[in-house]
Amino acid sequence: MKYPAILVEFTKSHDVGDLKKSMIGEQIVLGGWIEDLRKMGKMVFVTLRDASGRCQIIAKDQAGEDVSKMTRQSVIRVQGTIQETRARDFDFEIKANHIQLLTAAIHPLPVDPIGRVQSNIDTRLNHRALDMRNQRTSSIFHIRHVALQSIRSHLADRFTEITTPKIIGSASEGGANLFSLEYFGRTAYLAQSPQLYKEQMTMGLERVFEVSNFYRAENSHTGRHLTEFTSVDIEAAFMDYTDVMTTLESMICRVFKDISDLCTVPLANLAHELAVPSAPFEVITYQDALDELQEEGHDLSFGDDLQDAHLRIVGKNHPGFYFLTDWPMSLKPFYIMGRDDNPDISKSFDLQYGYLELSSGGTRLHDASTIRGRLIQQGLNPEQFADHLEVFGWGMPPHSGWGMGLDRLMTILTGTDNVREVVLYPRDTDRLLP
Ligand code: AMO
């Protein structure tokens, strides 16, 4: 390997994670930040971290700039040689010939990325970039990365990935919870979901999926609601709701297996033991849930929505993944189909994890006049859906699909109880910065 010109460039020859004991004697150039620094006599011991790991650097105090005066979290570049170590925590160490300070971290820092001093979630989110040097935080985002890869590779086998618009002219999920914005003299909205577009795409592509951010002007202050969230959506022609439930179930099992196999270190950093679920997931009906609630003294009638308190009771009886099916039509959006034997019951489902709703989906209506009737029934104006309804006259196949909240799934995968922990820069009613 050609030895880089240390004083001219700021590149490095290796990531810390690339180094091995078998490389003892090799000259390398590392770049990273100072996690810890101890001066012992004329020697300075630096724990250098980069995104791939950490290693010990041993330097004479006069190696390059005055190392012992450098602050923790400052960015340095180290030119040195790999050698044997007597340190218990490391297999080898780097004897530095030269340490170059690239950027000094100004102290006091607003959060301690080592986690010795604990900060509350708001303080950490206000300083997210520095929080990302905390191994717990970076582990969450490593797991998120693997989950996204796993989801994409699972779906891409049979589905085509699409990207639908986020600036739209009419609501995708009905009128409530829409963010509006001024758009060159007209009103535009931020998409709540890809619902209408993904349905339309089944006409030509048959099976599609999307992983994107969507927007809900929801004034909810819970650990599971954001105004900007990431949704994984599928829509498939010639499938009914039971078929897409199977797709969801197998995708969830695959993601858990992949995380369990590929993320042992991040999971250990989070002290989280992941239980890989197996298919088939339990299925209970909305009526079963009402009966369970009745036994607990909650008298709900068919058509009543299940509030958070109700789902917490049902979730206690079903702590893992389970499908909740057969919802009343009155609780479902205009595009959901009713059952042939009982038009008051929908061909739809939610995927629950205990009390937490992870996904909802169903068989869609594919007949324009029925959709028009449902829109009117729900107090929506069919005129505003004219472009969408027109498509249904061009030969729309029967189709089904679901949307799944990735951020909510991430809380289960990482053992956290707040979606703000698993989103880089969460947006909620209070949080618009940074
Ligand atoms: P729904 O509105 O139930 O269905 O949303 C689907 C899933 O998205 C997640 N989710 C949210 N996550 C965080 N913050 C929010 N504010 C938020 N809102 C929703 C949840 C939820 O289960 N178009 C349909 C899906 C379909 O039928 O294909 C839809 O959007 O995990």
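Modeller: Happy to! Of the 434 residues in the protein, 50% are buried (under 20% relative accessible area with a 1.4 Å probe, protein chains only; over 50% is exposed and in between is partly exposed). Please keep in mind that this is a predicted model, in which local features need pLDDT of at least 70 and side-chain atom pairs pLDDT 80 or more, while totals for chains, interfaces and linings use all residues. Residues are numbered from 1 along each chain as its sequence is written, and side-chain values use heavy atoms, without hydrogens or water.

The protein has 11 helices and 16 strands, taken as DSSP runs numbered from the N terminus (H or I of at least four residues for helices, E of at least two for strands). Its C-alpha trace spans about 85 × 55 × 40 Å along the principal axes. Among contacts (heavy atoms within 4.5 Å) between residues at least 6 apart in sequence, 65% join residues at least 24 apart.

Now to α11 itself. Because 9 of its 9 residues are buried, α11 is largely enclosed by the rest of the structure. The buried residues include the nonpolar Leu 406, Leu 409, Met 410, Ile 412 and Leu 413, but also Asp 407, Arg 408, Thr 411 and Thr 414.

What does α11 pack against? One partner is helix α5: residues 241-262 of α5 and 406-414 of α11 pack at about 45 degrees, with axes 11 Å apart. (Axes are lines fitted to C-alpha atoms, for helices over the stretch in contact, and angles run from 0 to 180 degrees between N-to-C directions.) That angle makes α5 oblique to α11, since under 35 degrees is roughly parallel, over 145 roughly antiparallel, 65 to 115 roughly perpendicular and the rest oblique. The crossing of α5 over α11 is right-handed, meaning that the near helix is turned clockwise from the far one by less than a right angle.

From α5, the contact uses Ile 252, Val 255, Phe 256 and Ile 259, and from α11 it uses Leu 409, Ile 412 and Leu 413. Sorted by class, that is 7 nonpolar residues, with no polar and no charged ones. In soluble globular proteins, nonpolar side chains tend to be buried together.

Leu 413 deserves a look of its own. Beyond its neighbours within four places in sequence, Leu 413 is in contact with Val 255, Phe 256 and Ile 259, and also with Ile 143, Ala 147, Leu 267, His 272 and Leu 274. Leu 413 also belongs to the largest nonpolar core, which has 46 residues (buried Ala, Val, Leu, Ile, Met, Phe, Trp, Tyr and Cys joined through side-chain atoms within 4.5 Å). Along with Leu 248, Ile 252, Ile 259, Trp 402 and Met 404, Leu 413 touches the most other members of that core. Helix α5 gives the most to this core, with 10 residues. A second, separate core has 22 residues, among them Met 23, Leu 30, Val 44 and Met 70.

For another helix pair, turn to α7 (residues 286-295) and α8 (residues 308-317), which pack at about 95 degrees with axes 10 Å apart. These two are therefore roughly perpendicular. Here Ala 289, Glu 292 and Leu 293 of α7 meet His 310, Ile 313, Val 314 and Asn 317 of α8. That contact has 4 nonpolar, 2 polar and 1 charged residues.
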